[in-house]
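Morning, everyone. I have one model to walk through, and I'll keep it short. Please have a look at it first.

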Amino acid sequence: MGYNILNDPFKNKGTAFTKEERKSLGLEGLLPPYVQTLQEQVDQTYAQFQSKSSDLEKRVFLMQIFNENRVLFYKLFSQHVVEFMPIVYDPTIAETIENYSELFVQPQNATFLSIDDDLDTIKTSLKNASAGRDIRLIVVTDAEGILGIGDWATNGVDIAVGKLMVYTAAAGIDPSQVLPVVLDAGTNNKELLNDPMYLGNRHERVYGEKYHKFVDTFVEDAEELFPEMYLHFEDFGRGNAAEILDRYKDKYTVFNDDIQGTGIIVLAGILGALNISGEKMTDQIYLSFGAGTAGTGIVSRVYDEFIQQGMDPEEAKKHFYLVDKQGLLFDDDETLTPQQKPFAHKRDEFGNPDELTNLEAVVKAIHPTILVGTSTQPGSFTQDIIKEMAAHTERPIIFPISNPTKLAEAKAEDLLKWTDGKALIGTGIPVKDVEYNGTTYQIGQANNALVYPGLGLGAIASTATVLDDEMISAAAHSLGGIVDTDKPGAAVLPPVSKLDQFSTTVAKAVADSAVKRDLTREKIDDVDKAIENTKWDPEY
Ligand SMILES: NC(=O)c1ccc[n+]([C@@H]2O[C@H](COP(=O)([O-])OP(=O)(O)OC[C@H]3O[C@@H](n4cnc5c(N)ncnc54)[C@H](O)[C@@H]3O)[C@@H](O)[C@H]2O)c1
Ligand SMILES: O=C(O)C[C@H](O)C(=O)O
Ligand SMILES: [Mn+2]
């Protein structure tokens, strides 16, 4: 009996079990005699953490703590958020996904669903993994498009686990009420298919009807088992992500992080940048480099903002340009995705349409004031391109947000150098302050992690029945006013050091929006109280 509780990360307190607890729980003799306080455990664990040399080793160590004791893990995390975010989450998480089999020690309370199993095992699997816990939040991935590193199938379970860790650290979501889920529909990653240690299905990725039946059954079963759940989709492939979101968004409380979360954080960053420059949103010319899931998700969110600000829809479309592998997207291109189509241009708008096959030519032709990179093409925002952009706009807004670090379109430091400190920058991963010409520039992190935890908290606390555009827009606008924009070198987004505070701000905006329009399951009289009551604290 004693060992059961020591092996249950939701109940285990390790050396912090009191003498009385040790007696009543059958733990006598199973622990060293000294009873530690939680803070003593945190200090000891942090010292051990510091002795690890690489970020990967640090993450592996922290995950051991996570595996054994959730309260200790989250107490430690809460005291070192800025230091831990890049280790627990992006970019180090990319390394653990690529090396999942090699690093595997235990399944971390995730649900592993396989397309090869009978569909009726899905419900059983969800029941087994939740083990009687009251699940309010699921992060599910099919891992076809993990960050910018591609198809990692079962290895991608780490992104579901990692996103959930940030939910708890940032917004206080109770870790016993969450469930990570990976849908293994096969993989097209040759490296995995040929790896004798690979733990997932060793066949090519299944698409079409069988795939959709697999996803549908998962969604319907999960909704039936956990009707109060908020369902977060992460890192699905370009061909499926938007379609799956559209299928469920009016029926259940669902959220796609890459489409909607990224849309919110980039819009918030642009609003922050315009606060600094004093310019108007509707004067901007927006260029998306990489028009996949995130690229088109962001464009659609920023476009909606133009409309909200009163611009005519057809007029607004003239402010948006998409560049993908083939160059500027034109409406005669049969390979356009449904999300790209509304923003494709006519060839006759240009004198040289056939030359607009690369980023540089497009920047020269359209003079963007905002350039967002979701292309997975490292270094593609070159000095020439940035200088050309900066020649036609006073404060270029530049967001190279492809992850992880090795895929970013540019480095913040270079962007500042090439624009004489004028660029207003958002990066995908955390970046240290940059000293340039006597000014210290803080760099905003345009990563959806700054917003999805608050969004989820707001939806869960308010018992929202859907997550609609108005709630999403409210979230983006709520991040304004936190940064002192008059300070030279101010960042376009609030710092990760305040993540827990502004997650509550975001939650409140989202919950208010749901409550005001009666989009909640229960009647909520006091939004602040509902949010406070939903939050979990890492204490024994
Ligand atoms: N910072 C954030 O919060 C955040 C959020 C979501 C995605 N991202 C990053 O954005 C990137 C894209 O993610 P996604 O989910 O949209 O993937 P995706 O596969 O859906 O989209 C990538 C797009 O880039 C295009 N592309 C590839 N090579 C190109 C080239 N040479 N020139 C122009 N376009 C090219 C692809 O054709 C595709 O349309 C990833 O690196 C991901 O990590 C960042
Ligand atoms: O996971 C991240 O760091 C952000 C984003 O969801 C991505 O896919 O890159
Ligand atoms: Mn993602």
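Ground rules next. This is a predicted model: local features need pLDDT of at least 70, side-chain atom pairs need 80 or more, and totals for chains, interfaces and linings use all residues. Residues count from 1 along each chain as its sequence is written, chains are lettered from A and ligands numbered from 1 in the order written, and side-chain values use heavy atoms, without hydrogens or water.

Now the polar contacts of ligand 1, meaning pairs of N or O atoms within 3.5 Å. A polar side-chain atom of Asp324 sits 2.4 Å from a ligand oxygen. For Thr293, a polar backbone atom is 2.8 Å from an oxygen of ligand 1. Gln377 places a side-chain N or O atom 3.2 Å from a ligand nitrogen. On its own, ligand 1 has 850 Å² of accessible area (Shrake-Rupley, 1.4 Å probe), and the protein covers 87% of that.

On to the metal. Which residues coordinate the manganese ion, ligand 3? Glu234 (OE), Asp235 (OD) and Asp258 (OD), at 2.0 to 2.2 Å. Donors here are N, O and S atoms within 2.8 Å of the metal (3.2 Å for Na, K and Ca); water is not among the atoms, so sites may look incomplete. The donor spacing along the chain is E-D-x22-D.

Buried means under 20% relative accessible area, exposed over 50%, partly exposed in between (1.4 Å probe, protein chains only). Glu234 is buried because its value is 1%. Asp258, at 14%, is buried too.

Terms used:
Polar contact = N/O pair within 3.5 Å; in protein donor to acceptor, adjacent residues only side chain to side chain.
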